[in-house]
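Reader: Can you walk me through this one? I'd like to start with how the chains meet.

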Amino acid sequence: MNASIPFRQPPGVAEAAGSVSEGTNRRVVLGADRPMRLDCGVELANFTVAYSTFGTLNADRSNAVMVCHALTGDHFVTDYHPVSGKPGWWSMLVGPGRPIDTNRYFVICSNVIGGCMGSIGPAETDPATGKPYGLGFPVITIADMVRAQKLLVDHLGIDKLFCVVGGSMGGMQVLQWAVSYPDHVFAALPIATAARHSAQNIAFHEVGRQAIMADPDWCGGDYLNQGMRPHRGLAVARMAAHITYLSEAALHRKFGRNLQNRQAVTYGFDADFQVESYLRHQGITFVDRFDANSYLYITRAMDYFDLAAEHGGVLANAFRYKDGPTPVRFCLTSFSSDWLFPTTESRAVVHALNAVAANVSFVEVATDKGHDAFLLDEPEFHQVVRGFLDGCAEHRGLTRRRAATA
Amino acid sequence: MSPLDDTSSRNRRSGTIRLDLKLIADMVEPGSRVLDIGCGDGALLDFLVHEKGVDGRGIELSMDGVHTCVSHGLSVIQGDAETDLKDYPSGAFDYVILSQTLQAMRAPRTVLEELVRIGDRAIVSFPNFGYWRIRMALLWLGRMPVTERLGYEWYETPNIHFCTIKDFTSLCDRLDITIDRSVILGRDNRPTRLASADGIANFFGEQGVFMLRRNGRQG
């Protein structure tokens with residue numbers, strides 16, 4: 001059952017509170033002195049968060065960048081992933097000399113709570129029962145994820161993040177960070193995201209959840225105790241979701257109607273088409289690294305996200321600060337072929353920020369790669385990230401470290 | 001791309017900008033809040049931010065322009081002034097700049113009203129269609145003028161609402177907008193000694209730069 005989390009350390013290995021660590025795959029116990037209250041009312045005490053850091057925190061602790069991962073991401077943002085063996089999900093963007101330059105910035109990325117890569121989540125053991133939480137795990141929200149990240153940042157002794165950056169669900173966290181902690185964020189870079197999850201997106205998530213729950217091996221969420229895993233349901237959920245991450249143009253360019261390892265259709269239900277084979281592969285590799293219950297919890301967190309709702313239904317109110325605009329400098333980015341988080345969603349945030357005269361940049365990147373573009377090689381997008389961070393660094397008074405002579 | 005066919009409006013290395021942009025920059029108080037509408041490649045904005053310490057923002061329609069600006073660390077949104085200005089609260093900026101863009105607006109009148117609403121001051125510059133060379137081109141050639149600064153044929157120009165200096169000042173009058181300062185530029189963007197509402201300015205000025213405010217605001 002531990003196939004998805006083979007690196008899990010015994011609780012005793014988690015670092016002691018108060019120490020600042022650099023390196024990948026760290027774990028810390030938070031909420032020890034005071035429990036963290038979740039939006040659903042439950043209090044979490046002594047909970048574990050897994051995280052990685054890259055680069056060096058400067059003397060005045062002003063160069064920390066929090067990277068927030070997307071739905072199925074994790075804290076292995078730029079190093080090698082221990083399960084898949086592949087480079088981290090944002091290796092193109094984060095690293096020495098990259099747009100989020102680890103020669104210059106101290107990058108922190110944590111696995112969200114509710115996740116399954118080391119942070120507390122439904123697959124972790126409930127100390128009260130000695131068994132995995134399963135559906136006994138409390139329902140979490142994007143704001144809860146951000147609360148846990150804030151405790152982590154406090155634990156690392158950082159009062160104010162230089163920048164919070166992330167795409168998709170990560171972008172939701174970025175917006176939440178800026179709204180919840182405007183005094184502790186200098187700049188925010190939400191990418192391919194929205195201030196609320198749309199009805200269409202909730203609908204897609206529901207399809208995924210129903211696929212998982214319809215798998216008999218799900219066992220009402222108790223599969224870990226039953227020695228089962230709902231592989232098929234989770235794979236179907238991933239396949240459906242994956243389509244929404246791409247665009248028609250990208251799918252067509254990649255696969256068209258090409259057949260997979262055959263000259264003619266078989267008049268059956270094998271994966272005749274390359275696109276079918278590709279989706280099946282996506283589903284199969286996903287179940288190796290992700291927990292089905294985590295998928296339920298995290299998609300739910302996205303569904304509940306609605307920044308305007310908690311501010312009287314007026315999004316602009318979320319960005320007001322002491323009778324003026326939020327002090328956070330924003331840069332929003334969208335991708336022209338993203339139909340999951342279309343440009344109109346980013347533009348709605350931009351309009352709300354304009355309505356309080358906040359400092360905001362906004363770029364729509366022309367690409368046919370769909371929502372996934374934020375994870376792919378998009379030089380214009382990378383330039384925008386680099387430029388925005390450079391501009392903010394100038395305002396923050398961060399001096400440029402001499403580039404390595406590599 | 002600016003509605004005017006200009007290239008290299010700022011040399012970033014030497015820190016110099018085109019003469020007409022410098023003129024606008026000279027009207028802006030150091031350290032103020034500025035919104036540059038149709039900021040193009042950000043030449044003016046960059047100059048204002050780095051040389052005059054303003055809190056500068058921009059709006060630009062073209063993707064290339066926005067990319068250039070944001071990649072250079074300027075705060076610029078990709079947007080359309082005609083739909084996006086209404087979002088800004090009144091008095092949000094000390095200066096709102098509309099440089100060489102008024103003639104490309106679908107509703108220049110509404111835009112002018114928005115400018116003096118969201119800015120304590122608005123600085124507007126535009127090419128004067130009453131300029132004698134343009135008049136001569138129409139009179140003698142009987143064709144829409146294509147000049148170095150207005151380098152488009154009539155069927156492909158983004159400039160859809162040309163006006164003369166006289167037209168502009170009379171519209172300001174009708175909208176109860178006060179013209180605080182005006183500078184008339186002759187050839188090569190050089191300021192002339194001509195006065196704004198003057199028929200001579202309307203004839204010899206190639207472009208006009210006007211500082212506006214809503215009537216009733218303190219001068």
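Author: A definition comes before the number: buried area is the accessible area (1.4 Å probe) that two parts lose on being put together, summed over both. This is a predicted model, where local features need pLDDT of at least 70, side-chain atom pairs count only at pLDDT 80 or more, and totals for chains, interfaces and linings use all residues. Residues are numbered from 1 along each chain as its sequence is written, chains are lettered from A and ligands numbered from 1 in the order in which they are written, and side-chain values use heavy atoms, with hydrogens and water left out.

Reader: Fine. How much area do chain A and chain B bury between them?

Author: About 1800 Å², with 49% of it on carbon and sulfur atoms. In residues, 25 from chain A are in contact with 20 from chain B, contact being heavy atoms within 4.5 Å.

Reader: How many salt bridges across that interface?

Author: Zero by the rule, which asks for a side-chain nitrogen of Lys or Arg within 4 Å of a carboxyl oxygen of Asp or Glu. The rule does find 14 residue pairs in polar contact across the interface of chain A and chain B, both residues at pLDDT 80 or more. A polar contact is a pair of N or O atoms within 3.5 Å; within protein, one must be able to donate a hydrogen and the other to accept it, and residues adjacent in sequence count only if both atoms are side-chain atoms.

Reader: Which element of chain A gives the most to the side that touches chain B?

Author: Helix 11 of chain A, with seven residues. Helices (H or I, at least four residues) and strands (E, at least two) are DSSP runs, numbered from the N terminus.

Reader: Is Ala357(A) buried or exposed?

Author: Buried, because its relative accessibility is 11% and the cut-off for buried is under 20%, with exposed over 50% and partly exposed in between (1.4 Å probe, protein chains only). Cys219(A), at 26%, counts as partly exposed.

Reader: And where is Thr101(B)?

Author: In the loop between strand 6 (93–99) and helix 5 (108–118) of chain B. Thr101(B) is buried at 8% relative accessibility, and its side chain reaches the backbone oxygen of Ser99(B) at 2.8 Å.
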